[in-house]
Amino acid sequence: MLLKDEVGMLQRVPLFSGIEPTKLKLLAFTSDRVSYSAGQILFRQGDEGDAAYVILSGRADILVDSDRGPIKVAELVPNSIVGEIAILCNSSRTATVRAASPLEVLRIRKDHFLRLMKEFPEMTIEILRVLADRLSHTTADLIDARSAK
């Protein structure tokens, strides 16, 4: 895939849609394109948060450890981003991400991701919206689960 194609992919990710193409070109150039086979792990729950991942093609599962083993809590599709929570909170990974099919990702290192947030406040606002939406869905799921008991 050419650099301009990667920029086009990044523009489809809601977090990056408001960033000018020249900045996205720099982001794509400084990021790593990584391929995974189905079943391979991108990162594990508890790992250090050193990068965020943009799904370029394929699907991945988000798994959370439980007493009964891993539970699939979500599926990632192209134009999704994952791994940003551990970067933002300076904490360990909150889930494991496993390729559900052959997967192509753009791995964005923590320092580049944080620099983008400083340079583009609109990206920071969009990240807050995405995280608030996830929290809202998680809270609703928790309420449903507790009500079912």
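Guide: Let's start where strand β3 (residues 51-57) meets β6: the two run antiparallel and are joined by 2 bridges. The elements are DSSP runs numbered from the N terminus, with helices being H or I over at least four residues and strands being E over at least two. Keep in mind that this is a predicted model, with local features needing pLDDT of at least 70 and side-chain atom pairs counting only at pLDDT 80 or more, while totals for chains, interfaces and linings use all residues. Residue numbers start from 1 along each chain as its sequence is written, and side-chain values use heavy atoms, leaving out hydrogens and water.

Now zoom out a bit. β3 and β6 belong to an open sheet of 4 strands, ordered β1-β8-β3-β6 with antiparallel pairing. β1 (32-36) and β6 (81-82) are the edges; each has a single partner strand, so one side of each has no neighbour in the sheet. Helix α4 (residues 110-119) packs on this sheet, touching β3, β6 and β8 (103-109), where contact means heavy atoms within 4.5 Å. The direction of α4 makes about 70° with that of β8; axes are lines fitted to C-alpha atoms, for helices over the stretch in contact, and angles run from 0 to 180 degrees between N-to-C directions.

β8 deserves a stop of its own, and Ile-108 lies in it. With 0% relative accessibility, Ile-108 counts as buried (buried is under 20% relative accessible area, exposed over 50% and partly exposed in between, using a 1.4 Å probe and protein chains only). Leaving aside residues up to four places away in sequence, Ile-108 touches a set that includes Phe-16, Leu-27, Val-54, Ile-87 and Phe-113. Ile-108 and Asp-32 sit 76 residues apart in sequence, yet their C-alpha atoms are 6.8 Å apart in space.

Follow the chain on from α4 and you reach another helix. The axes of α4 and α5 (residues 121-147) come within 5 Å and cross at roughly 110°. That makes the two helices roughly perpendicular; under 35 degrees counts as roughly parallel, over 145 as roughly antiparallel, 65 to 115 as roughly perpendicular and the rest as oblique. On the α4 side, Phe-113, Leu-116, Met-117, Lys-118 and Glu-119 take part, meeting Pro-121, Met-123, Thr-124 and Ile-127 in α5. Sorted by type, the contact has 6 nonpolar, 1 polar and 2 charged residues (Ala, Val, Leu, Ile, Met, Phe, Trp, Tyr, Cys and Pro count as nonpolar, Asp, Glu, Lys and Arg as charged, and the others, Gly among them, as polar).

Last, have a look at the loop between β5 and β6, which is where Asn-79 sits. Asn-79 has a phi near 75°, a positive value in a residue other than glycine. Most residues other than glycine have a negative phi. Asn-79 is partly exposed, with a relative accessible area of 24%.

Note on methods
Pairing = 2+ DSSP bridges.
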